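Hi,

Here is the model I said I would pass on.

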Amino acid sequence: MRIPGIVVVGGGIAAQSLCESVRELDAEVPLTMVCGEPRLPYDRVRLSELLASGEGPETLALRPPEWYADRGIETLVGRRATALDPERRRLDLGDESFEYERLVLATGSDPLLPPVPGLELAGVLPFRGPEDCEEIRAAVDSGAARVAVIGGGLLGLEAAYGIAAQGCAVTVVHLMDRLMERQLDPAAAALLRPVMEDLGVEVLLERQTECILGGERAEGLRFADGQEIEADLVVVSIGIRPQISLAVEAGLEVGRGIQVDDEMRTSAPSAWAVGECAEHRGMVYGLVAPIHEQATVAATSLLDRCERPYEGSLQWAKLKVMGVDLVSIGSPQGAQEAVAADAAAPAYRKLVVAEGRAAGAIMLGDTRGSEDLLGAIAGGEEVTDPVARLAAALEATVADLPDSAQICNCNGVCKGEIVAAVGEGGCGTAREVMARTRAGTGCGSCKGAVVELVQIATGGAVEEPSYLCPCRAQTREQLAAVIRERGFDAVSQVAGACGTGRECGQCKPALAYLVSEVNANRHREERGARFINDRVHANIQNDGTFSVVPRMYGGVTTPDELRRIADAAERYDVRMVKVTGGQRIDLLGVRKEDLPAIWRDIGMPSGHAYAKAVRTVKTCVGKDFCRFGLGESIALGVALEREWEGVYTPAKVKSGVSGCPRNCAEATVKDIGVVAVEGGWQIRVGGAAGATVREADVFETVETPEQVIRVATVLLQYYRENADYKERLYDFVPRIGLDEIRRAVLDPERAAALLERFRIAKAAVADPWLERDEPYHPRQFGDLDEVSGAAAPALAPVGPPPDGELP
Amino acid sequence: MIRLCAVDDVPAGEGRLVRVDGRPLALFRTTAGWFATQATCPHLEGPLADGIVADRSVICPLHERHFDLASGAPLGHECAALQTYSLREEGGEVFLVGDLLGDKPPAPSENLAFPELNPR
């Protein structure tokens, strides 16, 4: 028998939020969390992302395991509470019993299922947990092409979108006469429908599902009006049912949920309830913001210091479908309404006023000022002129908001806290502020506002690395998610769908990398998005000619290769032949039109000396020749270079392998360096010897060359997936933190997934110099044919004269 | 009008160098239409046809000087503006519109400076 202080039953967002709130108030009180699911709390709000990405739930983890350990929170993962005796303050987890001082029920909810025959068929799934996502993906992979989603509410639409993004025909079947009827009025719902249909989601309204058809597997649906549709997979998402069985058996008072008072106390002594399992003043909340509010109040009450009781929450929801901006706050309809609508855009903005106060808002397509209206509605602001108030919200920037205005509704972070994180907290970038306050780390929709606030608070002086490009006010992560979820495979699609919808020369190359990385190099290449070096696979020089550096794995070459290089250098009138710092031979001053021919004559693969890619693995002679050598550095360097050849990276990667700690290959100042030591190999990362000089951090020491290749490749893939464009490893490593990178790269499961993605990307790589025979375009390397203007009357400039003065 | 090339001679979203009687021009095929400017950057003579083209602008490949293709105006820097030329796309071909000076023969104008690309 163990006697912890506070026991939290549940492992979802509510349980997590409660633990966070308790620890903010009291660092000492013993705290135990019983997670029924086989994992620590994760951000279920973003569940639909797993559908699109296929990643495991650990990517949505709210906190890493160390967080709990560091704060003395005991976690019992995969353990279900089986019985509760509130009188004796005893909780059973199967065979084991706990005595507690105080108990919090945060058991969440189960999916609500309609009472129709056929629910038991294979291919009928709820949409509630990561397992459901996996099963849906597996069904799609094994050929399910037509999917029906029962339920056209928030979660149903998110599920439908996630499935449609995988290329299935999805039909949403909804009982009501409009989508999201709880959050939207008929006009907004009517605008949402074609938006969803554009994303590949068909919508059937006013259809009551009578039964699911099929023998063993689901084959379709029949509606009450007799109509039938075919479906290989049926996903049910019509709502939630509070999980209250433990409470019921223990004799607690329940309605739909476990009944709680304004301090979130249940009818039983020393027992509280928060989240989707709790019913407060007749309301059960299924949204994340109220859960945080409840958890905050419950934590104060648990510790006997509740000063502000819970009085209910404003209902607030955002649809998490890529490319659809939709926010609904409070009542969607009321006595007095101001509406601005543009059916063509489409955009819809509405403010609902009840009894002279702001009571609700809907914003579809144009969510400017949503924080402002959220504050107004939450505070019951008096509104005499709804039309003027709605228009004023358009102009409101985050600078105008009061400190109490909530910016991050997922994690309940106010503007004041963000500003304080910069001022008193000393944070200089939006990333640091997000890590400290957790603002922007939930659904991510407020990241833009956080970045803007940090810019204002820092005086805008700090260069903001969070946006991929100022033209789109979107982070790399957000853009990657758009690409992934909408299945984009070309830069022009991303440019058209995000931000201003226009091309921007500053970020095209960054988008080109992102599109290729997300699509594992199976993207549609648009050369116009690439820098000239990547259009012609050579490095442009100050006179407009190019340099040619053939691949020499590990810096090793042969007499035959050298002969061909020498001949080519003469044949093409190369201005200089130079040995580079990365142990390569550089032919400088090659004309663009000569590139295909010189590559053909040299007959070696591209050395990628022009690209943001793995450039060189420099080696010393090592054990093969050197009397001090401990390891076979040449063989390892060659193997590494072959493994990484042709794979593009966010910024260039220079590598080196030294055969002993004398380090003749300068591995300690390489992006990724390897040094042979007694009994193994030391892998280093983040070194630099350019404008920045930085000694590489020791990442890991392993025994065999095979282990080096594996760990270093996983590390390289982690960098490929997580670094900003042009961010070298020596900046990336300190920004992310060595520990965080180790957690990802050294975890067997995550490492295996990273390695698999690397191999998939690598499998689609070809030597770009083969374009000498199969060019991207007939004039890839050439100018246009010269023309004669003799026959024309005149050639006149219409722009400014060469002195450059504009008229 | 002088025929410069067929539409397909320039890949979408790129520029190409074209010589008119030996004088180089940079020709651009953008999402906003066709544009032509002087061949080299006023900054340090970078080959503008090798620049990144986006919307209605070009970025020089050497030092990232950014110019508006329609007006030739420098964007966010102090370089001189580019000379620009009028183009017309017709029947799948691209023409330089050269009749703006009327019927007068093309006086060897000092306004037309065509620095050689990549002088050796």
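Helices (H or I, at least four residues) and strands (E, at least two) are DSSP runs here, numbered from the N terminus. Counted that way, chain A has 24 helices and 40 strands. Keep in mind that this is a predicted model, so local features need pLDDT of at least 70 and side-chain atom pairs count only at pLDDT 80 or more, while totals for chains, interfaces and linings use all residues. Residues are numbered from 1 along each chain as its sequence is written, chains are lettered from A and ligands numbered from 1 in the order in which they are written, and side-chain values use heavy atoms, with hydrogens and water left out.

The overall picture first. Of the 807 residues in chain A, 55% are buried (under 20% relative accessible area, with exposed over 50% and partly exposed in between; 1.4 Å probe, protein chains only). Taking contacts (heavy atoms within 4.5 Å) with a separation of 6 or more, 62% are between residues 24 or more positions apart. The accessible surface (Shrake-Rupley, 1.4 Å probe; for residues, only the protein chains shown count as cover) is about 33,400 Å², and carbon and sulfur atoms hold 48% of that.

Now for helix H6 (residues 186–198) of chain A. Its buried residues are A:Ala188, A:Ala189, A:Leu191, A:Leu192, A:Val195 and A:Met196. They sit on the same side of H6(A), because they cover an arc of only 160° around the axis (taken from the directions from the helix axis to the C-beta atoms). What do they pack against? Their partners are helix H5 (154–164) and strands S12 (201–204), S22 (326–330), S24 (347–354) and S25 (357–364) of chain A. After H6(A) comes A:Gly200, with a positive phi near 90°.

Next, a loop residue: A:Met552, between strand S31 (546–548) and helix H18 (559–571) of chain A. Its relative accessibility is 3%, so A:Met552 counts as buried. Leaving out residues up to four places away in sequence, A:Met552 touches A:Thr557, A:Ile565, A:Gln583, A:Arg584, A:Ile585, A:Met604 and A:Glu641. A:Ser606 is 54 residues away along the chain, with 9.1 Å between its C-alpha and that of A:Met552.

Last, a helix pair. Helices H22 (residues 729–736) and H23 (residues 738–746) of chain A pack at about 95°, their axes 6 Å apart (lines fitted to C-alpha atoms over the stretch in contact, with angles from 0 to 180 degrees between N-to-C directions). That makes H22(A) roughly perpendicular to H23(A) (65 to 115 degrees; under 35 is roughly parallel, over 145 roughly antiparallel, the rest oblique). A:Phe732, A:Val733 and A:Ile736 of H22(A) meet A:Leu738, A:Glu740 and A:Ile741 of H23(A).

Cheers
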